[in-house]
Amino acid sequence: MYCRHLALANFRSFVRLDLELPAHLGVFWGENGQGKSNLLESLYLLATSRSYRTSAERELVNWYVEAEPAFARVAGEVVRRHGLTRLEVVLAEPPGAAPAPPDRETPRAPAAGQPPLASVRRRVRINGQPKPPAELLGHLNVVLFSPLDVDLIAGPAEARRRYLHITLCQVDHRYLRTLRRYQRVLLQRNALLRGLRERPARPDQLGYWDSQLVELGAELTLAHLRAIALLNGQLRELYPRLSNEPAPLRALYRSTVPLGDDLAALGEQAGSTPEGRDEEVLGRLREQFSTHLESIRPRERQQAVTLAGPHRDDIGFCAGDVDLRLFGSRGQQRTAALGLKLAEVGLMQHYTGERPVVLLDDVMSELDPRRRQFLQGVVVEHEQVLITATETGVFTPAFLGDAAVYHVQAGRVRLESAP
Ligand SMILES: Nc1ncnc2c1ncn2[C@@H]1O[C@H](COP(=O)(O)OP(=O)(O)OP(=O)(O)O)[C@@H](O)[C@H]1O
Ligand SMILES: [Mg+2]
């Protein structure tokens, strides 16, 4: 699939932008602070209805916007095998939330010590029809790599769980529904555990929430194991070439529920969970989860929080036997994060039958020349790849020749050369 047209209004530093995008390679170059990352962020928003850089969506609205109430709009046309889809996300302040600035020079950016700006509401349209934001997922699939992604390897477990959620929610609606139900059950169960701690009556209610937790948790765990197996399958081939190290990068699913060797091994190898075995595997996952909940019940009652389940699981990344989170160099961690993102392309294609759009933000500056060369060789095999850089010198002439090259300056984008 590819995004063939992007239109922005008041999105970050872009007051207005109308851009035809190439079906294959697009290079966006420009100095620091000119809007390159903002551009990729807008495509990510169109895919997921969220930003990867902020959870305060008001930050996405141009600070100098004169419209009242303030709003930002991102719209795109996505070409897939079965046709064209028009997607639109509008972020709008509620009416009367904040007065417009007195002039174009006064930003609405929150100054230090000032109260935060009013929050914005997300509105989504698909082919012109208003839809709930969650329905946006799946129409435009993106894999984004940004310098922040080193956190996937080096950062907290939360970042890795979010990574799995966002990846799978983009390609599997059943997973999205299960995840939302699980999160609701978790809230209810935690509330009950807190209630029981304050007035220890009717612990029998816990049984109901336990069974819900186990049912949905087992489904999520199976989806996670399967995703990890697919990523490992991709990494085996990709990573030695990317890193020039013979040992492949391996992702290990670290479940808070003891899985036993054979269930844990499902995360090792692609194809080790044939569809037909779903029920059997789910049955065993449920069993393990229930047994474990029994065994930690006193601790859960005492701490009044759900201590085991996919919401607490983690992924480890090892090169050979070395745990990269603990012992990887910064460069190794970055390469591993990039490998993971490139592997995700194959994972998404496995689920949807189509190649996602690949967004690579500032990836070249972090790589040595050999890795740059390798990366360019890999991405030309992808469908649409949009890549930012501060200079074109980091690309080979052949790559630039195949790409549409754009110069980004002060929130404007100018096509310099077409493939
Ligand atoms: N809501 C907003 N309104 C106006 N400008 C904004 C807003 N949010 C961010 N900016 C500005 O957008 C500019 C461009 O940011 P962006 O991150 O896209 O730059 P970049 O081209 O990727 O730079 P670099 O090469 O340093 O990564 C920044 O100067 C930032 O201050
Ligand atoms: Mg940037």
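Into which domains is the protein divided? In this predicted model, the protein is divided into domain 1, which takes in residues 2-141 and 354-417, and domain 2, which covers residues 154-326.

**The two domains**

Taken over C-alpha atoms, the centres of domain 1 and domain 2 are separated by 32 Å. The contact between domain 1 and domain 2 draws nine residues from domain 1 and nine residues from domain 2. On the side of domain 1 that touches domain 2, helices α1 (36-48) and α10 (369-379) each supply at least two residues, and α10 gives the most, with three residues. Sorted by class, that side of domain 1 has four nonpolar, three polar and two charged residues.

**Helix α5 and its end**

Helix α5, which spans residues 205-243, has a kink of about 45° centred on Leu235. Leu235 is also one of the α5 residues that meet α9, a contact taken up below. The residue that follows α5 is Asn244, whose phi is positive, near 60°.

**Helix pairs**

| Pair | Angle between axes | Axis separation |
|---|---|---|
| α5 and α9 (residues 330-352) | roughly 130° | within 8 Å |
| α5 and α7 (residues 278-303) | roughly 130° | within 9 Å |
| α3 (residues 157-171) and α9 | about 30° | 9 Å |

The axes of α5 and α9 cross at roughly 130°, and these two helices are therefore oblique to each other. The crossing in which α5 passes α9 is right-handed. On the α5 side, the residues that meet α9 include Ala227, Leu230, Leu231, Gln234, Leu235, Leu238 and Tyr239, while the α9 residues they meet include Thr335, Leu338, Gly339, Leu340, Leu342, Ala343, Glu344 and His350. By class, the contact of α5 with α9 has twelve nonpolar, six polar and one charged residues.

Helix α5 also packs against α7, with axes that cross at roughly 130°, so α5 and α7 are oblique to each other. The crossing of α5 and α7 is right-handed. The contact is made on the α5 side by Asp210, Val214, Glu215, Gly217, Ala218, Glu219, Thr221 and Leu222, and on the α7 side by Val281, Leu282, Leu285, Arg286, Phe289, Ser290 and Leu293. Its composition by class is eight nonpolar, three polar and four charged residues.

For α3 and α9, the packing angle is about 30°, with axes 9 Å apart. Because angles under 35 degrees count as roughly parallel, α3 is described as roughly parallel to α9. The crossing in which α3 passes α9 is right-handed. Thr167, Gln170 and Val171 of α3 make the contact with Glu344, Leu347, Met348, Tyr351 and Thr352 of α9, and by class this contact of α3 with α9 has four nonpolar, three polar and one charged residues.

Where do the contacts of α9 with α5 and with α3 involve Glu344 and Leu347? Glu344 and Leu347 of α9 are listed in the contact with α5, and Glu344 and Leu347 are also listed in the contact with α3, where the α3 residues are Thr167, Gln170 and Val171.

Note on methods. Residues numbered from 1 in each chain as written. Chains lettered and ligands numbered in written order. Predicted model: local features only at pLDDT ≥ 70, side-chain atom pairs only at ≥ 80, totals over all residues. Domains from an automatic or database assignment. Contact = placed C-beta atoms within 7 Å. Helix = DSSP H or I, 4+ residues; strand = E, 2+ residues; numbered from the N terminus. Nonpolar A, V, L, I, M, F, W, Y, C, P; charged D, E, K, R; others polar. Bend = angle between axes of the 7 residues up to and from the residue. Axes fitted to C-alpha atoms, helices over the stretch in contact; angles between N-to-C directions. Parallel < 35°, antiparallel > 145°, perpendicular 65-115°, else oblique. Left-handed = near helix turned anticlockwise from the far one by under 90°.
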